[in-house]
Amino acid sequence: MKKVSALLKHSIIYLGAVIMILPFLWMISTSLKPPNEIFEVPIRWIPSEFYFENYVNAVTSFPFVDFFINSVIVTLCIIVGQLVTSILAAYAFARMEFKGKNLLFLLLLSGLMLPAQTIMIPMVLMLKELGLLNTLQGLIIPFSWSALIVFLLRQFFLKIPLEIEEAAAIDGCNVFQIIGKIVMPISKPIISTSIILIFIYGWNQYFWPLLIVNKEELYTLQLGLAYFKEQNVIETDWGALMAGTTLTMLPVIIVFLLFQKKVIESIAFSGGKE
């Protein structure tokens, strides 16, 4: 009975994985097809010839490199901002005692339950008052903190033996030295996990840049793809569009592969792995 149950469970998991990966495979396949094979029925998964001109068109038909650089700047700044603010906040919630700590942490977590769309209009109005509309700073500053990352880091910090930090304090380390020399090296797995989560969130942002940016030179890659499609609204070059989308996804895959091992270590450390 256990074997049947395990077989059923794995079958469902594999089916889900196949369903999830099919659009991704179609995107890569389409990016390599000549135009006359893109909408063939039944679907031709392997092109009769690899049409790399789609990638050339994707890079040259719109300012791909400029949009790519904007995305890199915005994403890296969001990662640095969230890591700095989240590590300090998480350590305070994990180790320090102050009045109202639990209430503050509860309020912080309650922010996770609010749909992002409900706070976007106040954020736009605030940025307008600060003169940050149509700036890269406007894409970065509102996302330089994250309740989710604070929560993940705090839970990890709580599992670090307090005796290690007490020994460092006896040796004369102050709070920032303890965080930098003791806590952060031990927390590499969860920090790596956080980097992946923040990178995916920052890199894939579309709605927020769409709200506050209307200068082409400030477009991120996600807006750039929509811009490319609008330019070809009468006859969309699907091959080039899929090639551009594939190139857009590459950094996410590379970052995940780089930090994959640390993510597994993080899960094992937190007791989530059986």
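What is the volume of the largest pocket? The largest pocket has a volume of about 710 Å³, in a model that is predicted, with local features needing pLDDT of at least 70, side-chain atom pairs counting only at pLDDT 80 or more, and totals for chains, interfaces and linings using all residues. Residues are numbered from 1 along each chain as its sequence is written, and side-chain values use heavy atoms, with hydrogens and water left out.

**First stop: the pocket**

Select Ile 119, Phe 143, Trp 145, Ser 146 and Tyr 201, which are the closest to the centre of the largest pocket among the 23 residues that line it. On a 1 Å grid over the protein atoms alone, a pocket is an open set of points with protein on both sides within 12 Å along at least five of seven lines, a cavity is a set where a 1.4 Å probe fits but cannot get out, and lining residues have an atom within 4 Å of a point. Points are joined across faces, edges and corners, and a volume is the space filled by probe spheres set on them.

Next colour α5 (117–130), α7 (147–158) and α10, each of which supplies at least two residues of this pocket's lining; α5 gives the most, with six residues. Helices here are DSSP runs (H or I, at least four residues), numbered from the N terminus. The pocket lining has 20 nonpolar, three polar and no charged residues, where Ala, Val, Leu, Ile, Met, Phe, Trp, Tyr, Cys and Pro count as nonpolar, Asp, Glu, Lys and Arg as charged, and the others, Gly among them, as polar.

**Second stop: α3 against α10**

To see the contact (heavy atoms within 4.5 Å), show side chains including Phe 68, Ile 79 and Ile 87 of α3 with Ile 191, Phe 199 and Trp 203 of α10. The residues of this contact divide into 11 nonpolar, five polar and no charged.

Finally, select Ser 71, Val 74, Thr 75, Leu 139, Gly 202, Trp 203, Gln 205, Pro 209 and Thr 220, which line the largest cavity, a space of about 70 Å³. The largest share of its lining, three residues, comes from α3, and the lining has four nonpolar, five polar and no charged residues.
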